[in-house]
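User: Could you walk me through how the pieces of this model pack together? I'd like the cut-offs spelled out as we go.

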Amino acid sequence: MAEYILEMKNITKEFPGVKALDNVNLQVKPGEIHALVGENGAGKSTLMNVLSGTYPFGSYTGDIIYNGEECKFKTLHDSEEKGIVIIHQELALIPELSIGENMFLGNERKGLLGIDWDRTYHEASEHMQQVGLKEEATTLIKDIGTGKQQLVEIAKALSKDVKLLILDEPTSSLNEEDSKMLLDLLISFKQKGMTSIIISHKLNEISYVADKITVIRDGSTIETIDNADHNVDEARIISGMVGRELSDRYPSREHNISDKVGMEVKGWTVHHPLYTEKKVVDNVSFNVHRGEIVGFSGLQGAGRTELAMSIFGRSYGSDISGELKIDGETKELKNVRDAIKAGLAYVTEDRKGNGLILADSIAKNVTMSRLEKVCSKGIINIDKENAVAEEYREKLRTKTPSVQQAVGNLSGGNQQKVLLSKWMFADPEVLILDEPTRGIDVGAKYEIYCIMNDLVAQGKSVVMISSEMPELLGMCDRIYVMNEGKMVAEMPASEATQEKIMAAILQSDKK
Amino acid sequence: MNVKTFVKKYTMVIALVVVFIFFSFWTDGKLLLAQNMSNLLLQNAYVLVMACGMLLCILTGGNIDLSVGSTVCLIGAIAAQLMSKHNMNAYAVIILCLLLSVVIGMWQGFWIGYIHIPPFICTLAGMFLFRGIGRAILESKTIAINNKTFLDTFASYIEIPGLDKDVKWSAFIAGIAVACILVVVTAFNRIKKAKKGYKQASAVSQFAKIAVIDLLVIAYTWKLAHYKGIPVMALWVLAIVFIYAFITSKTAFGRYFYAVGGNEKATKLSGINTNKVYFLAYTSMSLLAGLSGLLIGARIGSINGDTGNSFEMDAIGSCFIGGASAYGGSGTVGGVVVGAILLGVINQGMSIKGLDNNWQYVVKGAVLLVAVIFDVVSNKKTGKAG
């Protein structure tokens, strides 16, 4: 057997106007877990698309040597035939079809006449067993959580007789528990001899699971670090990724918390929009002072997003009750318009689905929530709109050729900045940030943190919902912990630790 | 701007020019005769008017209104009957009919916007409903419209006594006036922008564009001057086109249609009442369909049960040929006007040549398909990397 199962040599790939990959080299040994890290736009996904044949042979230069032979993949199908399977960040499952149907989509188990359903579901359950997924193969995808959907993707890869599994940000939408399970699954596959390449932003996970770590920056390989002892220096990876030392991952700030309460919520209860008997948020009370960052921790499905959206002009849920005060005044917010007028802003966790109009320009997106500010008598002053967008582009250092650029063409971090610009332009007193750093790279995260610090320095209140505990501990003044719709703990960030937060969640589960 | 981006930006304009030149030669210049140029506008007035409204519907997410042809018939029928049977005052009829169109639009807009009935189904139902009611009102007859005031309001020509004799100089003078105003407005805008230090397009390209438009306006009014002068219907069409162009490009209200089509959830979470946006799109659509009914009635001089048949397809086709996205969120009134004129030139050219009606359908279909294929393919090529 060759020393390497996969060698990518001097891969160069150009898009019109951009050199996405510049002489990239990657060497993967059989049976190892190889991590690929780098900032957004560094070229990780492009490299994997070259490998899988999504970008066909001929559209790039360089050699791919797999199992000792040179490969010229023209389509995804060619690479899958050789046992290379890629699982994308955005899952490619069809919600209305069953697990079994999804698993063999495009690869159907055929009988004499049409599809052999017995064989389909039988083989599906075998593969599900391999990944430890305890569901019926006939269950619809829409009825299982994201964690399990990720497992279905992996089972699907197994059904294709995978030898080299590529996972692009597999844990980005998973909570800590599901992430851990997924990573352990990868390790168990490794012991059976499977090779995997994993792309991730989460350094702790990489340190835990990877044997080798290759750092990519601006389309070039920086270095490959050995991680056999699973104890790599995170600072070294970060400095490799961003090209500079990030001495502190969280910018420092003066804690000037005012006595004035910016927002106060008492006895807030929200029911599910369809199953109206089910309480999604149950009698929750909290407050946030002016000049304070308050964090919300909890597992996925704890009801944090639902709480935030129901406060924000009842944009989620039914039969909402409770008291809401903004700056000491009781408010009755019937719709989003009211909420914006009352000085509230909700920056969604789903920037592509709920936050931005990807096909529209940055300028149009920025002004959308308070268009009247650049209008007189309903007529938009386009020049003023562009000037405003330009101002926020500079303030937030959004990387873009111009504010006329369609938002969909920006990287994740820059999209997030446009989303923040949009809500800062609305000039709120209380900002609720839902997973503000999800899926964006270390450098952009730091900049988002700085913006948050600026906001509280101006005396605004910030509520931060995050699944990444270190981020909450690093940024917040106080942390609330939610579980299954209930508020289970409140602690000053100075006393909080990841263990204490987890303990609070677990104890509430036992009750 | 290099050649490639120029071609991409003005594809449909270039196509229009090519088609126009082709038909000019093919018809041995008959297309360019004053009468034909005048008719080009009059025969397509209804398409231009309805395409503006259809654009708003399409912007909200590729939604179309199938009922407009039937609304044309219904409103035309009501107008015709009120004037012929009941001898009602023409202005009262016009106001009443437009109000009724709004009511029809609100009816559809309510189901689509607030009850979330899929627009395709709701307007398909409307298509049958309004056609049926229209025919019932006509009692299956063809009703003539003879009311002079009504005909003058929509289908006469502007004539200034003393000035307009063999050649209607008023038309030509109006053309030159419009050309001058365009230049002055452009210059004024540039000065204003320069003062505030805003970025602006290069003077050469901007004035070159204005020069071309001016030339076309003057040439067209020159043709009109040699026929019957400026048709009143042209003023109606221009008014509607300008109002809709203004709404879609300059107002907050217009921006909301693009936003809903671009991402409805994000629009909702930005505090915009998306139900109302749908409601208003369909209300405006029916208002314009009603107006088209009056225009058609006045131009043809009668209404029958088949008036307005398949008009919806012309309006929808114009929008897509004019570059509106089938998924919503993008498209301009300018593009739609070019699309409508392109269809019009093809119709007119083939009619002059005496080609069979059937072949006109074939050509229209082919043009629509080619336009959309071109749009999709060129967008894919220049789409974002990765």
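Analyst: Axes here are lines fitted to C-alpha atoms, for helices over the stretch in contact, and angles run from 0 to 180 degrees between N-to-C directions. Helices (H or I, at least four residues) and strands (E, at least two) are DSSP runs, numbered from the N terminus. This is a predicted model, where local features need pLDDT of at least 70, side-chain atom pairs count only at pLDDT 80 or more, and totals for chains, interfaces and linings use all residues. Residues are numbered from 1 along each chain as its sequence is written, with chains lettered from A and ligands numbered from 1 in the order in which they are written.

User: At what angle do helix 13 and helix 14 of chain A cross, and what class is that?

Analyst: The axes of helix 13 (residues 382-396) and helix 14 (residues 412-425) of chain A come within 10 Å and cross at roughly 120°. Angles under 35 degrees count as roughly parallel, over 145 as roughly antiparallel, 65 to 115 as roughly perpendicular and the rest as oblique. So helix 13 of chain A is, relative to helix 14 of chain A, oblique.

User: Which residue of strand 9 of chain A stands opposite His34(A)?

Analyst: Strand 3 (residues 33-37) and strand 9 (residues 212-217) of chain A pair in the parallel sense over four bridges. Opposite His34(A) stands Lys212(A).

Definitions and conventions. Pairing = 2+ DSSP bridges.
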